[in-house]
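Dear colleague,

I am handing over the structure below, and I would be grateful if you could read my notes beside it.

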Amino acid sequence: MTAIPPGWLPALPALNQLSTAIWFYHFSQQTIVWANLAALKLWDAPDLEALQQRDLSMSSEGGRLRLQGYQAAFARHETVRETWTIYPRGRPVQLHCHCAQLDVAVPDIMRVEASELDFDTQTSRSIEMLRHVREMVTLYDLHGNVLLRNPAAQAYLPQADDAFAANLHSAAIARELRTAVSESRSVRRIVEVNLADGSTTRHQMQLVEVADPATGDPALLVSQHDVGDREKLLQLQRERSEELQSILDALPLPMVISELEGGRIRYANRLAIELYGMWLGSSGDLSPVSAGLYEKPEDRDKFLDLLQLQGMVSDFQTVLRDRQQQRFDASLTGCLVDYRGIPSILVSVLNISHIRERERSLEATLQHERELMEMQRRFVSMVSHEYRTPLAVIDGIAQRILRSPGQFTCEMLHERVQRVRDMVAHMVTLADSVLTLNRLESNQLRVEHVPVRLLPLLGELVELNQAIYPDCHIELDAQAEVALQVEGDMELLRLIFSNLINNAIKYSPRWQRVALTLRQDNDTVRVSVRDWGVGVPESEQGLLFTRFFRASTAQGIPGCGIGLALVKELVQMHHGSIELESSEGNGAMFTVTLPLRQPD
């Protein structure tokens, strides 16, 4: 229980002996925290504990408003004198009460001093009724001063010298109402009024000219109630409608309600208007029931048939046209609705073009992966074949020499040894290419840029290949200084040009002729490798540097399709480029362009 302020404790014994009923009421707890003997008698309670067991909470709005008015008065350091009706054990007792704040330190406790009044039954009932009704009732004198207000009027209406005029939003209305009452004694109007909190609303006011029962002087009895509730409800409905419109406009997909017959648009959100021109009230081609919206008119018929059959359709995928007649992939979700008695459909339109584009991109990627897997399969098969064939040739030559060494002349042995060297060179080149490619794919290949004398390197490769393929005439035309240097990796440059020379020899008929040219052009150097072999069809030249790809003209010629792909990657690692000039049956020329100095 809330403690009584210490300053009051010494006074309690004296207060307990007074004949005036005094009690302390706690607003928040809605109970009496202390009462003297006279108050206990008035409340017909044997002791304070029994009194505190009673339910003293305010069940009516009028009672709650009355207590709120008390607290507001106490905050202004005012006291309140009013008549109360209490019901100890169900018996009504009329009281005249003087109410005040008990202590500023405990603002939630009210001190009540009460004395009984003797009202007749009719008067008591009238007073109690006015206290609890929600209708605001005020008795004014002819100057607009308040003679009496019920709790509802006390809580909601403004206080002023001319409170009647202050209650009305317009002084002209106040004058008009006073004139009307003086002429007809009773007036009913709906007017704009001011409330105590500074807001305005609309009230229906009933004004009657009466006599003040206390003095007999003319007075004005005014009862009023708020008729703005309906308008507030309508306003709330409008606000919620606008809020719903804002939510629908913020949705990332167009939504539209269209009549089934005729296709008239009954509702469209912002995106439906912006993207498709589905204006409210329009019935053009851009309606969900109009064939003009669909790329294929039969899709419209199928969509509507499903709606009629199922009542709702989800994720109906089709192709539509926007207001600029641009095609786009769409997913439609719709349901049948009754829009103000008109059979209609509610449809949302989701643009899924980006999803379809991703699907197509994914399918292209998967197809590319399938092609790579197929090329890898072919690569494994070709590499196996490329190793098996030279090994079989070497083994066959060795077996013949071992079986009958005496039958081979020196020239015959030289020819077979040369054949073995050819096979070994081919296998070494293939092994180097595979190992380098593997290092590239695992990011283990590092380019060590050092000064490389290009002409001696090319001369060495020409000499080596000429020795291996003595029947092939290999030319080297160098229009550059012997001391010409480029910055690059010696071993990788050797692999680049070795591959190009080997390919030129391999794809030349009977290894007749291969020509190399070396040119310096300002800060770059160009090396061309030319053959007069089978050439590359123009339609296949774009794929020639793809791993595992082999031109159709290479059928029957050993190879696994990794050499040129490796060459291109190594050239690019040297910040260079490689170009191809070729036509089917007229040979090919590969030109490698390298910078003399590597960029920092």
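**What was found**

Of the 600 residues in the protein, 41% are buried, where buried means under 20% relative accessible area, exposed means over 50%, and partly exposed covers what lies in between, using a 1.4 Å probe and protein chains only. Please keep in mind that this is a predicted model, in which local features need pLDDT of at least 70 and side-chain atom pairs count only at pLDDT 80 or more, while totals for chains, interfaces and linings use all residues. Residues are numbered from 1 along each chain as its sequence is written, and side-chain values use heavy atoms, with hydrogens and water left out.

The protein contains 16 helices and 22 strands, which are DSSP runs numbered from the N terminus (helices are H or I with at least four residues, strands are E with at least two). Among the contacts in the protein (heavy atoms within 4.5 Å) with a separation of 6 or more, 51% are between residues 24 or more positions apart.

Helix α14, residues 454–468, packs with helix α15, residues 490–506, at an angle of about 40°, and their axes are 10 Å apart; these axes are lines fitted to C-alpha atoms over the stretch in contact, and angles run from 0 to 180 degrees between N-to-C directions. That angle is why α14 counts as oblique to α15, given that angles under 35 degrees are roughly parallel, over 145 roughly antiparallel, 65 to 115 roughly perpendicular and the rest oblique. On the α14 side the contact is made by L454, L457, L458, E460, L461 and N465, and on the α15 side by M490, L493, R494, F497, S498, I501, N502 and I505.

Helix α14 also holds Q466, a residue that is partly exposed, with a relative accessible area of 24%. Leaving aside residues up to four places away in sequence, Q466 touches C472, H473 and I474. From Q466 to I505 the distance is 10.0 Å, C-alpha to C-alpha, although the two are 39 residues apart in sequence.

Is A554 buried or exposed? A554 is buried, with a relative accessible area of 5%, and it lies in the loop between β20 (524–531) and α16 (563–573). The C-alpha atoms of A554 and K506 are separated by 9.6 Å, while the two residues are 48 residues apart along the chain.
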